[in-house]
Every structure is written in C-alpha cells, then in structure tokens.
Amino acid sequence: MSSPLPQLPAFFARLRARRLTTTFAVLATLSAAILIGSYTAHGVHGQQKQDDSSDATPLKIPTDSVAPNEFAKIARQVGPAVVNINTRTLPKDAGIRKRMNPHGRAIPVPQNPDEDDQGDGQGDGQGQGSGKAVPQGPDSPGFQDFFNRFFGGQGQGDEDQGAERDSLGSGFIVDPKGYIITNNHVVEKADEIYVKLSTDPDTTDLGRKARVIGVDKATDLAVIKIETDKPLPTVKLGNSDGTAVGDWVIAIGSPFSLSRTVTAGIISAKNRTIEPGQSGQFQHFIQTDAAINPGNSGGPLLNMNSEVIGVNTAIFTQSSGYQGIGFAMPSNTVVQVYNDLISPSHKVTRGSIGISFREGLSSSVGRVYGFKNGVLVQAVTSGGPADKAGLKPRDIIVSIDGRPIKDGNDLVAEIASRHPGSSVRIGYMRDDKPGDVSVTIGDRDKVFTEQAENDEQEQPEKGDPSENKLGIAVREITPATAAKLGTGGVVVQAVRPGSFGDQQGLEPGLVITRINKQATATKDQFDKVVGGLKSGGDVVFEVMDPKHPAAGINFLAGVLP
C-alpha cells in the first residue's frame with residue numbers, strides 16, 4: 001500500500017491553480033461590469049443629453065432699428081451728389097487698340113504730381129523761391145512717392161504708350177444742371193471723360209459723357225458738366241475758415257474703384273503748404289486723417305453739417321496708399337475758383353505787381369534789415385507794375401491800402417484777389433525810411449510770361465580758391481556779368497565743405513553783391529566788410545545768380561560762429 005504523503009504536493013498545486021483561475025475570472029467579471037455600467041450611466045445618457053436642445057431659445061431679427069448717427073445721416077444725405085469720374089486717354093498710335101480696364105481687381109497705381117507745369121522753384125511775383133528745407137526727388141530720404149496724386153489707373157514707369165488708359169476719380173455735383181467740381185489732375189490728360197451717378201446701374205458702363213468747363217492748375221481744381229433732363233442732387237458748400245483743428249470730417253469717394261466709400265476722421269491741421277515755390281503758392285490745404293486712397297481724388301471732405309469744406313486732392317504716402325495724412329483744398333478757395341471758371345472767360349485771373357520774394361528767411365535777415373513783419377523784395381520784374389511804380393530790390397513791403405502785411409502768403413492773397421487794372425497803395429521801407437507808392441495791378445500770367453522770356457543764363461565763373469573766415473574764395477565779376485546783373489559784386493569760386501559759407505548755402509558761381517547792406521562790388525570792399533564781421537554777429541549775404549538774373553536777390557543769412 002502506497003503512502004498518501006507523496007500525493008500532497010500535487011494536491012496543493014492543483015488547489016493553487018484553481019484559486020488563481022477563479023481570481024482572474026472574478027477580476028475579469030468585475031472589470032466588465034464596471035465598463036458596462038460606466039457606458040450605461042454616462043455614454044448613452046451623455047449622448048441623449050447632447051442631442052437634446054429643447055431648452056434653447058431661438059434668435060430673432062429685431063423689427064425696430066437703431067437710430068442713425070450723424071455719420072450715417074450725412075452719408076445718406078450727401079451720397080447721391082457724389083459721382084465717379086472715369087477718364088480715358090487714347091493711344092498715341094491710332095493703330096494700337098490695347099485697353100486697360102479700371103474695373104478689374106488689380107490695385108491701381110497712383111499718379112505722381114504732374115511736373116509739366118512746375119516752376120523751377122524760383123518765386124514768381126508774389127511767390128517763394130527754391131529752398132533746401134524740403135527734400136525733393138525720388139531718392140530723397142523719406143520722400144519716396146511724396147504727396148502722390150491719387151486717382152487710380154495712370155501707372156508710372158515703362159507703361160505702354162500705345163495703350164488706352166482708363167482712370168478713376170471722384171467729384172461732386174454743385175448745380176442741379178449738371179456742374180461738377182473735381183481735381184484738375186483727374187481730367188487734364190483725358191481725351192474722354194465719363195461721369196457715373198449713384199443712381200446709375202452698377203455695370204461696367206463708364207457712365208455719361210462729360211465736358212470740361214474750365215481748369216485751374218494753380219489750385220488743381222476743375223469744373224466739368226454733364227447733360228441732364230432733370231435736376232440732379234447737389235451738395236452745399238461750407239465755410240472752411242470756420243473749421244478748427246479737431247473737428248470731425250467725412251470723406252466720400254471711390255478708392256480703388258470701390259464707389260460710394262465713406263470714411264471719417266478729424267481735421268489734423270490747417271493752412272498746410274506741401275509744395276514749395278510757385279507750384280504751392282495758391283495751395284494751402286486742410287490736413288485730415290480721414291482715410292483717403294487712390295480714387296478719392298476730387299471727392300468732398302464734409303463737416304458735420306453735411307457741408308463740403310474741402311476737395312480731397314493729395315496724400316502723403318510712402319506706400320501708395322493711406323497712411324493717415326491727406327490734404328483737401330479749402331472750400332473758400334474752391335468757391336472763388338469755381339465762380340471764375342463758370343464765367344464767360346472760363347479761367348481764373350489773378351493780380352500781380354511783378355515782384356519776387358523768398359519765404360522762410362533767417363531771423364538774422366530781419367534783425368539786420370530792421371523788420372519783423374512784411375516782405376523783403378528779392379527781385380522786380382523789368383517793365384512790370386512794381387518796376388513802373390518805382391519799387392526796388394531790398395524794399396520791405398509793409399502794407400497794402402493801409403492794412404499791415406504779415407508775410408508773403410498775406411501779400412499773395414491780397415494782390416492775387418485784385419482785378420488787373422485796379423490800383424493799390426503800397427507802403428514800404430527803404431534804407432530804414434518809409435515810402436508809399438501807387439501800383440497798378442497786372443495780370444499775373446502776362447507779367448511772369450514776360451519775365452520768363454527775359455531770363456538769361458550764364459555758366460559759373462571759375463578761379464583758384466583761397467581761405468577766409470567765411471570759408472569761401474571769391475573774385476570780382478567781369479564787366480559783362482556786372483552789366484547783366486545791374487550791379488557789381490564778387491563771384492564765389494570755391495566753398496570749403498562744412499564752413500560758414502557752406503552752411504548758409506553759398507555755391508560756386510553765385511555773386512555776392514552786399515553783406516549786411518554794405519556793397520561788395522570789388523574784392524577790396526568784400527575783404528573790408530568780411531574783416532569787420534565778429535563772431536556771434538548776424539551775417540546777411542545778398543546773392544544773385546548770373547544764370548537767372550531775373551530771379552533777383554536771394555538773402556542768405558546766419559550767425560557767425
């Protein structure tokens with residue numbers, strides 16, 4: 001009989017295996033129960049809760065409308081009188097019929113200011129001459145595409161001159177018979193002009209044909225007209241002199257072919273002159289930060305009374321688009337120009353007395369010549385009204401008909417508003433003595449056409465340089481040059497870079513006729529005057545350019561180090 005003891009280990013092994021199996025079975029059962037319970041409790045219930053939106057409240061469009069603000073009222077009131085102006089320039093070669101469509105989606109390139117009628121920077125009568133205060137030219141730092149004119153479509157560069165070019169601008173109706181105000185640069189190069197009203201269908205049709213009534217390049221304004229068989233909506237012109245910096249304004253136009261675009265801003269500044277010399281003589285703009293872009297040109301700038309206080313004309317930009325600085329021609333100027341352009345002559349006639357002067361003179365000039373207000377005469381047009389009345393270079397005009405003259409802009413505004421043939425009484429100072437003379441006003445265009453015809457040119461004279469406290473070398477001018485200028489003097493031969501003379505703008509070829517009102521007709525006189533100059537004292541050079549003798553005297557001045 002075998003012993004039971006050897007069977008005990010096998011028995012316990014089987015028992016342990018069964019217990020382990022049972023344990024795993026129990027654990028598996030519990031896990032399954034937990035998963036099933038979780039799904040039952042959360043999964044199905046969550047799905048049912050997610051799909052249930054019976055407690056949501058439907059949205060509704062309100063039947064009552066919000067009361068419109070002032071901007072909306074102005075846009076609704078003035079919008080119908082604002083028009084799109086489409087222009088077409090025909091190809092120079094009639095055999096080429098290539099077209100460029102302004103209604104495409106390509107962003108139009110702004111047109112640069114037209115340079116065909118720009119002066120050479122010299123003052124033209126009641127004008128300011130060329131200066132160095134404003135950098136110019138395409139390479140001047142910070143002035144790339146400076147003050148772009150901005151109706152779209154007229155590209156720059158190597159554009160196909162044989163292609164038809166369509167351009168877009170804006171304007172506004174001021175007479176129900178179809179008279180429209182816009183910018184001259186919008187229409188001046190166009191062979192065909194079309195106007196599209198706000199009520200016309202929004203199609204690719206260019207609109208109604210228009211004709212030019214008159215243009216004024218000096219203010220960049222134009223009047224055009226369309227034919228109509230019924231009265232058209234118009235805008236009301238406001239008083240731009242009554243505006244103030246900080247006033248709200250609204251601009252309406254067609255930037256980038258987006259018609260009836262409304263933007264808002266404030267008046268940032270007033271009486272801005274953005275172009276020096278003759279070209280900016282009658283352009284004193286309202287500056288605004290209302291967004292205006294290519295295509296806005298010629299559109300209205302409005303005050304909060306729905307009145308036009310300006311015509312959007314130019315922008316300051318380095319990107320060919322809006323950068324927060326725009327310029328509008330004031331409405332008071334617009335009214336005067338418009339009334340002249342619809343007159344039988346269809347032109348603006350401005351008065352002139354035939355003098356030149358320069359704005360922004362150094363304070364040293366005022367101290368040496370003894371004046372704070374007034375205009376120091378630079379040149380007198382030979383045979384012109386001032387010349388016939390006896391006015392001379394170096395005279396200081398201080399009053400007109402007894403009214404004090406503040407500066408050049410004041411003088412220009414006063415004289416230009418007078419009719420040719422009328423007379424004014426001009427008060428002046430000469431050698432610290434007062435004078436008074438009657439001057440007959442001339443036609444500005446005629447006076448300075450004659451001056452341009454008489455303008456002569458001469459190459460700068462050369463010589464060996466020498467040094468003095470001014471940093472310049474000079475020698476006496478030739479008798480021929482003295483006869484041409486009507487005075488003696490010394491010609492600048494060389495200028496040391498960084499010297500006092502260089503800092504004041506002296507250049508080789510210029511003729512110094514006086515220093516601090518003392519004649520420098522000879523080298524000896526020049527040396528004597530220069531020898532008496534003291535450090536810290538005012539120094540005023542009276543300078544003439546033999547290349548442009550009709551430009552008269554330029555006053556360069558500073559304080560000697």
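Visitor: Which residue in β28 is the bridge partner of V540?

Guide: This is a predicted model, so keep that in mind throughout. Strand β28 spans residues 554-559 and runs antiparallel to β27, with 6 bridges joining the two. Within that pairing, the β28 residue bridged to V540 is A557.

Visitor: What does β27 pair with besides that, and which residue of β27 is the partner of R514?

Guide: β27 is also joined to β25, by 4 bridges, and those two run antiparallel as well. R514 has its bridge partner in β27, and that partner is E542.

Visitor: How many residues of β27 are buried?

Guide: β27 covers residues 538-544. Buried here means under 20% relative accessible area. By that cut-off the strand is mostly covered, and the count of its 7 residues that are buried is 6.

Visitor: N516 has a positive phi. Is N516 buried or exposed?

Guide: N516 sits in the loop between β25 and β26, and its phi is near 50 degrees although it isn't a glycine. The cut-off for buried is under 20% relative accessible area. N516 comes in at 17%, so it counts as buried.

Visitor: And D401, what is its relative accessible area?

Guide: D401 also has a positive phi without being glycine, near 50 degrees. You'll find D401 in the loop between β18 (396-400) and β19 (403-404). Anything from the buried limit of 20% up to the exposed limit of 50% is called partly exposed. D401 falls into that class because its relative accessible area is 41%.

Visitor: Over to α11. Why do its buried residues count as being on the same side?

Guide: Helix α11 runs over residues 523-531, and its buried residues are F526, V529 and V530. An α-helix has 3.6 residues a turn, so residues three or four places apart point the same way.

Visitor: Now the largest nonpolar core. Which element gives the most residues to it?

Guide: That core has 27 residues, and V78, F172, I181, V235 and L302 touch the most other members. Elements giving two or more residues include α2 (70-78), β3 (164-175), β13 (307-315) and α4 (331-341). The one that gives the most, with 4 residues, is α4.

Visitor: What does L302 touch, leaving out residues up to four places away in sequence?

Guide: On one stretch of sequence L302 meets I74 and V78. It also touches W248, V249, I250 and I252.

Visitor: How many residues are in the second, separate core?

Guide: Among its members are L391, I397, V412 and A416. The total for this second core is 22 residues.

Visitor: Zooming out, what share of the chain's residues is buried?

Guide: The chain has 11 helices and 28 strands. Of contacts between residues at least 6 apart in sequence, 66% join residues at least 24 apart. Out of 561 residues, the buried share is 45%.

Conventions
Residues numbered from 1 in each chain as written. Predicted model: local features only at pLDDT ≥ 70, side-chain atom pairs only at ≥ 80, totals over all residues. Heavy atoms only, no water. Core = buried A, V, L, I, M, F, W, Y, C linked by side-chain atoms within 4.5 Å. Buried < 20%, exposed > 50% of the residue type's maximum accessible area, 1.4 Å probe, protein only. Contact = heavy atoms within 4.5 Å. Pairing = 2+ DSSP bridges.
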